[in-house]
Amino acid sequence: MENYFEIVKTAVKAIDSKRGADIEVIKVDDLTILTDYFVIASASSNTQLKAIADEVEYKLSEQGIEPHHIEGRTSEWICLDYTGVVIHILLNKGRDFYQIERLWEDGEKIDIDELIIKE
């Protein structure tokens, strides 16, 4: 079993490297059996959305970690399911509309400041 927080760290760094916005990590292992962590990020265009998802997949694949399932490759919301970590990348308008983080507001919000590049 992978260390799920290592997957989170790699994913956050990959998202940040492609300028993903409003990155949030929510620990939900006490709330659901679906996953341990949700990583949520925004993209400003379909091109950026795909680039972010591709970078996350590439960086994790370099570590020998492959997704269990991928959903939405051709849409405005890509979900990368790594079992213990589920990564949602949405276009800004979809993120505003679905407000996934509100569904999991009882989860523990993880501070990622040390993982992202400061401008």
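**Entry 1**

I worked from a predicted model. I began with the strand order. Six strands form an open sheet, and they run S3-S4-S5-S2-S1-S6. The pairing is mixed. Next I looked at the edges. Strand S3 (69–71) and strand S6 (108–110) each have a single partner strand, so one side of each has no neighbour in the sheet. On average, neighbouring strands are turned by 20° against each other, direction ignored.

I then took one pairing in detail. Strand S2 (residues 37–43) pairs with strand S5 (residues 85–91) in the parallel sense, over seven bridges. Which residue in S5 is the bridge partner of Ala 43? I found Leu 91 there.

**Entry 2: the helices**

Helix H1 (residues 4–17) packs on the sheet and touches S1, S2, S5 and S6. I noted its direction at about 5° to that of S2. Helix H2 (residues 46–62) lies across S2, S3, S5 and strand S4 (77–81). Against S5, helix H2 runs at about 160°.

**Entry 3: Glu 24**

I picked Glu 24, which lies in strand S1 (residues 21–27). Is Glu 24 buried or exposed? Its relative accessible area is 17%, and the limit for buried is under 20%, so Glu 24 counts as buried. I listed its contacts, leaving out residues up to four places away in sequence. Glu 24 touches Phe 38, Val 39, Ile 40, Arg 95, Glu 101 and Lys 109.

**Entry 4: aromatic pairs**

How many aromatic pairs does the count come to? I got four. One of them joins Phe 5 and Tyr 37, with 5.9 Å centre to centre and 50° between the planes. I logged this pair as tilted. The pair links distant parts of the chain, since Phe 5 sits in helix H1 and Tyr 37 in strand S2, 32 residues apart. I checked accessibility for both. Phe 5 is partly exposed at 22%. Tyr 37 is buried at 9%.

I turned to Phe 97 and Tyr 98. Their ring centres are 4.9 Å apart. Their planes stand at 90°, so I logged the pair as edge-to-face. Phe 97 is exposed, at 65% relative accessibility. Tyr 98 is partly exposed, at 46%.

**Entry 5: the cluster**

Which residues form one aromatic cluster? I noted Trp 77, Phe 97 and Tyr 98.

Notes:
Residues are numbered from 1 along each chain as its sequence is written. This is a predicted model: local features need pLDDT of at least 70, side-chain atom pairs count only at pLDDT 80 or more; totals for chains, interfaces and linings use all residues. Side-chain values use heavy atoms; hydrogens and water are left out. Helices (H or I, at least four residues) and strands (E, at least two) are DSSP runs, numbered from the N terminus. Buried means under 20% relative accessible area, exposed over 50%, partly exposed in between (1.4 Å probe, protein chains only). Contact means heavy atoms within 4.5 Å. Two strands pair if DSSP finds at least two bridges between them. Axes are lines fitted to C-alpha atoms, for helices over the stretch in contact, and angles run from 0 to 180 degrees between N-to-C directions. Rings of Phe, Tyr and Trp (its six-membered ring) pair if their centres lie within 6.5 Å; planes under 30 degrees apart count as stacked, over 60 as edge-to-face and the rest as tilted.
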